[in-house]
Amino acid sequence: MSTVAKGQEKSAGGGQAALDFLSSVKLTVVLLIGLAATSIVGTLIPQNEAPEAYIQAYGQAKYELYHSLQITDMYHSWLFVGMLALLITNLLVCSIRRFPMTLKAISPPDYKIDEGFFAKQHEHESFHTKLTPAEAAAKAAPLIRAGFSAKAAPLGLLALVAGLVGVFAGLIISNDQTAVFISVAVCEAVVIGVELLRRARVPLPRVLPGDEGATVVAAEKGHLTRLGFYIVHTSIILVVTGAIMGSFWGVRGSIRIPEGQTLDYFWVRATKQKVQLPFGVRLNKFSVTFYPTGMPKEYKSILSVIDNGKVVETRPVVVNSPLSYKGWRFYQSDYQAMGLNSLSLSVQPRSGGAPSVLDMPGFNRPVPLSGGGTVQVVDFQEDLVDMGPALRLHVEHPGQPSADFWVFDRLRDFDRDRGGNEIFSVQNMGMQYASGLEVSRDPGVWVVWGGCILMVMGFLVAFFMSHRRLWLRAAPKGGKTLVQVAGRTNKNRPGFENEFAALLATLKEELK
Amino acid sequence: MNTRMLGAVVFIYLFSAVLYLCYMAFGQNRRLGQIATGLTALGFATHTVAIILRWVESYEMGIGHAPLSNMYESLVFFGWTTTLIYLLIEWRTKQRAIGVFVMPFAFVAMAYASWSESSDIMPLVPALQSNWLLAHVITCFLGYAAFAVASGLSVMYLIQPAGEPARFKTAPGAEVAGGRLLPEKAVLDNLIYQTIMVGFTLLTAGIVTGAAWAHYAWGSYWSWDPKETWSLITWFIYASILHARYMHGWRGRRVAWLSVLAFGSVLFTYFGVAYLLPGLHSYAS
């Protein structure tokens with residue numbers, strides 16, 4: 001019997017030790033540093049490249065070593081995923097084990113306090129008054145309410161939180177600035193309004209009889225802020241859950257649609273697998289515009305969604321503004337010029353006069369010029385010497401040597417200094433394009449956003465709001481009344497010291 | 001106009017750093033301290049006006065966007081956020097000696113921007129044309145600035161000998177009683193922790209807004225791009241500092257060392273990734 005009992009005790013002890021280890025903050029720190037270290041390795045060695053690329057860079061032997069250690073796919077390696085899983089376990093076990101302590105800490109304050117209690121608190125002071133204990137307590141209660149309880153949450157911090165939430169909500173609803181401003185204004189009004197209403201209704205702190213004829217007033221604020229770290233830990237679990245959902249049920253790939261065509265499938269880049277879409281996407285038109293410097297300004301695809309043979313939605317898709325339909329999202333990614341489909345030139349006589357526009361029918365088809373002679377397009381380049389699309393023109397004037405030169409779509413003044421009879425520039429170049437789109441579906445993304453918003457809000461609560469308690473005990477002592485005041489906070493003691501000092505000064509003044 | 005004003009700010013910040021040093025070295029004279037704070041505030045006001053002017057100027061050029069789009073503008077903004085956070089801390093703690101260890105960060109950022117980066121206002125390429133740009137850059141750089149201040153405070157902690165604090169003879173007109181050269185270690189330890197909490201919250205918001213932006217621009221909120229990964233590495237390191245405080249014997253000196261190390265990770269996220277590692281955020285390409 002005794003050996004069995006001993007064995008049980010030992011196994012219980014082992015379980016206890018395992019639990020202690022799993023919930024220890026030391027494990028948290030080791031895992032966080034470990035995750036940082038493995039991530040660093042992942043940024044130093046390129047990830048998920050073809051084997052040949054590694055062999056060329058590091059040699060066969062090193063590649064095999066890296067590959068077997070999963071360094072070439074660090075963020076999906078057993079080491080990385082294992083540490084992440086252990087971190088989540090650590091966080092769960094720790095949160096569960098600490099819960100009874102937290103529950104005790106957020107339960108109402110104790111009124112059964114004696115004279116000796118006060119000296120043990122962070123902030124404490126005492127003074128005498130001529131009032132009776134009951135009178136002193138009754139007079140102190142509204143002062144404590146005004147100077148302590150009613151200022152429960154700092155208004156500035158609340159306004160900041162409301163602003164952040166407003167910005168997020170606005171950006172999620174629409175990428176338009178007006179929507180963001182309206183959303184921020186609404187959030188601020190609601191949060192500040194609710195807080196001011198709540199403050200106006202803060203009840204008086206409780207006044208209860210204590211020991212030895214004493215009267216005790218106890219007040220507290222922000223007791224629920226002790227739950228801040230649970231909010232943060234929950235949010236981390238949410239983000240990881242969302243990411244796992246995405247990796248199981250999400251899919252990502254790309255398509256290239258020529259103008260005028262409809263496609264109802266896309267390609268997964270990594271596996272070169274074809275994925276069927278439950279609807280079709282048509283590219284009506286693609287356009288690209290440039291700044292005068294030649295930098296790209298906007299890539300725009302006008303897309304139509306065709307579901308059951310009907311056009312259900314048509315909208316422009318530009319970078320940063322994807323199309324979303326039935327959980328599938330289409331992002332502007334790149335484009336390709338397929339050729340020319342219409343072309344006109346602007347011709348200005350060098351002697352002066354208004355420019356005229358010439359429609360060009362195609363390659364090697366001479367068009368007469370108003371001042372005599374002909375012009376024809378002999379070549380086209382999609383991107384000549386990094387200056388964009390260009391045409392090679394051939395100009396003939398009777399009795400003069402013919403001229404061959406380039407004109408650029410984006411550089412309208414390029415021909416000005418050539419010195420021919422006319423100055424040529426591209427009036428309109430109708431290009432035939434194909435648009436490259438990224439296609440993705442990620443059912444976990446809203447879980448991730450929920451987790452992210454919760455995390456930032458959790459930090460605001462866990463880091464910047466504290467649980468503060470205040471006690472006042474008025475007891476008869478030597479014909480007078482001894483008033484003892486004490487305060488305690490779980491965070492930001494310097495801030496609380498000032499608050500306590502201010503309240504104490506008021507109490508001393510009013511309870512003389 | 002804006003670049004000339006920003007060039008002047010470089011020197012103002014240099015002088016205010018020197019003045020804070022004189023203030024500390026010459027017996028914490030109140031008058032000297034007030035001049036140092038006044039000069040810093042003047043520099044900050046000029047800095048703010050210059051950023052606004054640059055913003056306005058971009059609209060006049062027809063390519064209007066917030067001045068947060070390249071290395072020059074981000075360095076200027078980093079200098080601005082660092083000075084902002086420093087002034088807030090000085091206002092709250094009344095400890096001017098901190099200026100000696102923080103204002104050099106603002107000066108170096110501004111000087112580096114003025115002398116080695118092009119200050120031309122450039123139009124935004126399509127990928128940067130997003131409202132998330134503003135939210136992402138503001139949160140990240142306020143966070144970086146808080147971490148810069150935390151590392152300055154950590155250096156102040158670490159240069160104090162383990163035993164008796166550094167003292168000087170109290171000069172006439174001195175502000176700080178007891179002739180302390182630097183704030184008490186317990187005060188510094190608390191301040192380091194507070195600034196790291198501020199920085200960590202902002203860094204988290206910065207990573208989240210960056211992920212949201214990536215989601216709208218590329219269809220994936222996380223793609224292990226080196227910049228993303230390094231911001232996560234920085235996040236892991238600061239998270240470990242926040243937890244290390246709950247471990248026995250890990251307050252004070254060790255946390256101060258960790259905070260300096262972690263700021264190294266911030267700097268690598270900011271510069272190292274941009275110049276040494278390839279990726280979406282690379283200014284080098």
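1. **Confidence.** The model is predicted. Chain A has a mean pLDDT of 85. In this chain, 96% of residues reach 70 or more.

2. Helix α1, residues 2-22 of chain A, has the lowest confidence, with a mean of 62. Helix α9, residues 228-249 of chain A, has the highest, at 93. Look also at residues 1-10 of chain A. Their pLDDT is below 50. Beyond near neighbours in sequence, this stretch makes 0 contacts in the model.

3. **The two chains together.** How many residues of chain A are in contact with chain B? There are 44, and they meet 39 residues of chain B. Several elements of chain A each supply at least two residues to this side. The helices are α2 (25-44), α7 (155-173), α8 (177-200) and α10 (445-464). The strands are β7 (296-307), β10 (328-349) and β16 (422-441).

4. **The main contributor.** Which element gives the most to the side of chain A that touches chain B? It is α2(A), with 12 residues. By type, the residues of that side are 28 nonpolar, 10 polar and 6 charged.

5. Now follow α2(A) to its partner, helix α7 of chain B, residues 226-244. The two axes come within 9 Å and cross at roughly 160 degrees. Angles over 145 degrees count as roughly antiparallel. Therefore α2(A) and α7(B) are roughly antiparallel to each other. The crossing of α2(A) past α7(B) is left-handed.

6. **Residues in the helix pair.** On the α2(A) side, the residues that meet α7(B) include V25(A), L32(A), I33(A), A36(A), I40(A) and T43(A). On the α7(B) side, the residues include P226(B), W230(B), I233(B), F236(B), I237(B) and H243(B). The residues of this contact divide into 15 nonpolar and 7 polar, with no charged.

7. **A sheet in chain A.** Chain A also holds an open sheet of 4 strands. The order is β12-β13-β14-β15, and the pairing is antiparallel. In general, strands of a sheet pair through backbone hydrogen bonds, either parallel or antiparallel.

8. **Edges and bridges.** Which strands of this sheet are the edge strands? They are β12 (367-368) and β15 (403-408) of chain A, and each pairs on one side only. β12(A) is joined by 2 bridges to strand β13 of chain A, residues 374-381. These two strands run antiparallel. V367(A) has V375(A) as its bridge partner in β13(A).

Terms used:
Residues are numbered from 1 along each chain as its sequence is written. Chains are lettered from A and ligands numbered from 1 in the order in which they are written. This is a predicted model: local features need pLDDT of at least 70, side-chain atom pairs count only at pLDDT 80 or more; totals for chains, interfaces and linings use all residues. Two residues are in contact if their C-beta atoms, placed from the backbone, lie within 7 Å. Ala, Val, Leu, Ile, Met, Phe, Trp, Tyr, Cys and Pro count as nonpolar, Asp, Glu, Lys and Arg as charged, and the others, Gly among them, as polar. pLDDT is the predictor's confidence in each residue, from 0 to 100. Axes are lines fitted to C-alpha atoms, for helices over the stretch in contact, and angles run from 0 to 180 degrees between N-to-C directions. Angles under 35 degrees count as roughly parallel, over 145 as roughly antiparallel, 65 to 115 as roughly perpendicular and the rest as oblique. A crossing is left-handed if the near helix is turned anticlockwise from the far one by less than a right angle, and right-handed if clockwise. Two strands pair if DSSP finds at least two bridges between them.
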